[in-house]
Amino acid sequence: MEVLEVTHTSENSSASDKIKVALAQIAPVWLKREATLQKVLDAVELAGKQDCQLVAFGETLVPGYPFWIERTDGARFNDPKQKAMYARFLDQGVVIEEGHLDAVCAMAKKHSISVYLGVMERAANRSGHSLYCTLVYIDQNGEIGSVHRKLQPSYAERLAWAPGDGNGLRVHPLGRFTVGGLNCAENWMPLSRVALYAQGEDLHVAVWPGGLRNTEDPTRFVAKESRSYVLSVSGLMRTSDFPEDTPELAEILEGSSEFLADGGSCIAAPDGSWIVEPQVGRELLITAELDHAMVRAERQLFDPTGHYSRPDVTRLVVDRKRQQLADFVDS
């Protein structure tokens, strides 16, 4: 895999202020969980060998974004074709409780690297037959730190994914930084962003299925609003990336351009300037050295949940209970 490496540090920063991060812009082996997880493992290992402390992947990379819905008349009610596609998607979903991410956790521990991974989760506590767009954080010890289910699926996604809850709205320590993440259009949801800012987030990971149109505006906006580094990491999906045995493949690809998702991964600095402009059209590992001193410098002027907030006037309440239908009380 091609590696693009940049540095963004000041002359007066200390070694303790610096971390190295990676964005893995890769395509899934679509609807094939284990084959896609192998690509994830390879990318984690490569990032680890580049001495990165964090590597992030696109939205629902494992086992892939539900591209079929908008291309195969996905809103048709009680349609055998749509039910069969959903059944295939469900079968390849990630069940964390069954150990589907254990190898990724082990690789993270081996290289002392944290991982943000977008998965399509088959949630055990919600019957095991509904799907969630989920962003999983694995720490440098290989432990799962948070499992964030997308609060509101967008548009056609609602035909495949259920709405999530606030349980995963959490941040994590990473060197001098505090890192958090959101899925796709959640990065446009002001209160979801504030829920992370209020916990001290200064390194924000925004994951997307892939698309320059998705990343080029919000990446810099969120960086400037939060005065944080923002990593936008996207998946990639070329027509050639679909396996030959993909159901309804001809219909999915009919009239398609070369890309169903063209990437767009990028990094913005705490002042909103580009560190890495959006990268499109190819699989690559973007690495960057970041400097916490630059976050502190930008917060002098504006700290959205610190000195530039008025909790006596406006406050946010966040319910982080994991939603489930039944609570069982046994003797």
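# Notebook: cysteines, sheet and loops of a predicted model

**Entry 1: cysteines.** I searched for disulfides, taken as pairs of cysteine sulfur atoms within 2.5 Å, and by this rule the count came to zero. I noted that Cys133 is in no disulfide, the nearest cysteine sulfur being that of Cys184, 7.3 Å away. Cys184 is likewise in no disulfide, and the nearest cysteine sulfur to Cys184 is that of Cys133, at 7.3 Å. For reference, I wrote down that a disulfide is a covalent bond between the sulfur atoms of two cysteines.

I then looked up accessibility, where buried means under 20% relative accessible area, exposed means over 50%, and partly exposed lies in between (1.4 Å probe, protein chains only). Cys133 has a relative accessible area of 2% and is therefore buried. Cys184, at 8% relative accessibility, also counts as buried.

**Entry 2: what I am reading.** The model is predicted, so local features need pLDDT of at least 70 and side-chain atom pairs count only at pLDDT 80 or more, while totals for chains, interfaces and linings use all residues. Residues are numbered from 1 along each chain as its sequence is written, and side-chain values use heavy atoms, with hydrogens and water left out.

**Entry 3: the whole chain.** I found nine helices and 15 strands in the protein chain. These are DSSP runs numbered from the N terminus: helices are H or I with at least four residues, and strands are E with at least two. Buried residues make up 54% of the 331 residues.

How does the radius of gyration of the protein chain compare with that of a compact globule? I took the radius over C-alpha atoms, and the globule rule is 2.2 Å times the number of residues to the power 0.38. For 331 residues a compact globule would be near 20 Å, and the protein chain has 19 Å, which agrees. Along its principal axes, the C-alpha trace spans about 60 × 55 × 35 Å.

I also looked at contacts, meaning heavy atoms within 4.5 Å. Among contacts between residues at least 6 apart in sequence, 73% join residues at least 24 apart.

**Entry 4: a sheet.** I traced an open sheet of seven strands in the order β1-β15-β2-β3-β4-β5-β6, with mixed pairing. Which strands stand at its edges? They are β1 (2-7) and β6 (144-149), each with a single partner strand, so one side of each is left without a neighbour in the sheet. From one strand to the next, the twist averages 20°.

Two strands pair if DSSP finds at least two bridges between them. Strand β2 (residues 18-25) and strand β3 (residues 54-56) pair in the parallel sense over three bridges.

**Entry 5: Glu121.** I placed Glu121 in strand β4 (residues 114-122). Is Glu121 buried or exposed? At 1% relative accessibility, Glu121 counts as buried.

I next looked up polar contacts, which are pairs of N or O atoms within 3.5 Å; within protein, one atom must be able to donate a hydrogen and the other to accept it, and residues adjacent in sequence count only if both atoms are side-chain atoms. The side chain of Glu121 makes a polar contact of 2.9 Å with the side chain of Thr134. A polar contact with the side chain of Arg149 is also listed at 2.9 Å. Leaving aside neighbours within four places in sequence, Glu121 is in contact with residues including Val94, Ile96, Tyr132 and Val147.

**Entry 6: helix α9.** In helix α9 (residues 292-299), I noted the buried residues His292, Ala293, Met294, Val295 and Arg299. Their cover includes β8 (177-183), α7 (218-226), β10 (229-234) and β15 (284-291). At the start of α9, a side-chain oxygen of Asp291 reaches to within 2.9 Å of the backbone nitrogen of Ala293.

**Entry 7: loops.** Pro63 is in the loop between β3 and α2 (68-71), and the peptide bond from Val62 to Pro63 is cis, with omega near 0°.

Leu31 lies in the loop between β2 and α1 (33-49). Its phi is near 65°, a positive value in a residue other than glycine. Leu31 is buried, with a relative accessible area of 2%.

Ser112, in the loop between α4 and β4, has a positive phi near 50°. At 42% relative accessibility, Ser112 counts as partly exposed.

Note on methods: Axes fitted to C-alpha atoms, helices over the stretch in contact; angles between N-to-C directions.
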